[in-house]
Amino acid sequence: MTKAAVIILAGTEGHANLGRLVNGLETAKEFADTDGDEVELIFDGAGTQWIPELEDEESDYHELYQAVRDDAAACDFCAGAFGVEDAVADAGVVTLDDHDGHPSIRSMVDDDYEIITF
């Protein structure tokens, strides 16, 4: 059994960041599809900006996102800082704020999660 935390930090600007997003979603899906594995998909920093776009059914990556959406969460502080807190709340995506408004990476490491960033 593997426990993985896939963290999307890449913002929405540029082709390279789009590549990071897609690779992160594909990685999360691979873990989600493997029996016995646990995955947490966390949108952090500028990565929180992807949530409203991925929730849009017209998005090229909506279907891939839907495959892992139940495992998704977002940084509470960053959703506010990047102006997407309402979209995150409307989407019903859980926000994490256990370390000064941010997800606690330390807690995930303590819980034996492998941390993978994109």
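Modeller: R106 and D110 sit four residues apart in helix α6, about one turn of the helix. Their side chains meet in a salt bridge, 3.8 Å from N to O. Keep in mind that this is a predicted model. Side chains of opposite charge can pair when their charged atoms come close. R106 is exposed, because its relative accessible area is 57% and the cut-off is over 50%. D110 counts as exposed too, at 53% relative accessibility.

V109 is partly exposed, with a relative accessible area of 44%. Together with I105 and I115, V109 forms a nonpolar patch on the surface. The accessible area of these three residues comes to about 200 Å².

Now step back along the chain. The loop between β4 (94-96) and α6 (105-110) holds D97. D97 is partly exposed, at 47% relative accessible area. D97 belongs to a patch of negative charge on the surface, along with D76, E85, D86, D90 and D98. Helix α5 (residues 85-91) gives the largest share of that patch, three residues.

For a view into the interior, take F43. F43 lies in strand β2 (residues 38-43). F43 counts as buried, at 0% relative accessibility. From F43 to M108 is 65 residues in sequence but 15 Å in space, C-alpha to C-alpha.

D33 and K29 both lie in helix α1 (residues 15-33), four residues apart. D33 is exposed, at 51%, while K29 is partly exposed, at 27%. Another joins R69 and E55, with 2.6 Å between the closest N and O atoms. R69 lies in the loop between α3 (62-68) and β3 (72-75) and E55 in helix α2 (residues 50-55), so this pair ties together parts 14 residues apart in sequence. R69 is buried, at 18%, and E55 is partly exposed, at 24%.

Last, the whole protein. It has six helices and five strands. From the N terminus they run β-α-β-α-α-β-α-α-β-α-β. The radius of gyration is 13 Å, close to the 13 Å that the globule rule gives for 118 residues, so the protein is as compact as a globular protein of that length. Buried residues make up 42% of the 118. The C-alpha atoms fill a box of roughly 35 × 30 × 25 Å along the principal axes.

Key: Residues numbered from 1 in each chain as written. Predicted model: local features only at pLDDT ≥ 70, side-chain atom pairs only at ≥ 80, totals over all residues. Heavy atoms only, no water. Patch = residues over 30% accessible without salt bridge, like charges linked within 9 Å, V, L, I, M, F, W, Y side chains within 5 Å. Areas by Shrake-Rupley, 256 points an atom, 1.4 Å probe, with all protein chains shown as cover. Salt bridge = Lys/Arg side-chain N within 4 Å of Asp/Glu carboxyl O. Lys, Arg positive; Asp, Glu negative; His and termini not counted. Charge placed at Lys NZ, Arg CZ, Asp CG, Glu CD. Helix = DSSP H or I, 4+ residues; strand = E, 2+ residues; numbered from the N terminus. Buried < 20%, exposed > 50% of the residue type's maximum accessible area, 1.4 Å probe, protein only. Rg over C-alpha atoms; globule rule 2.2 N^0.38 Å.
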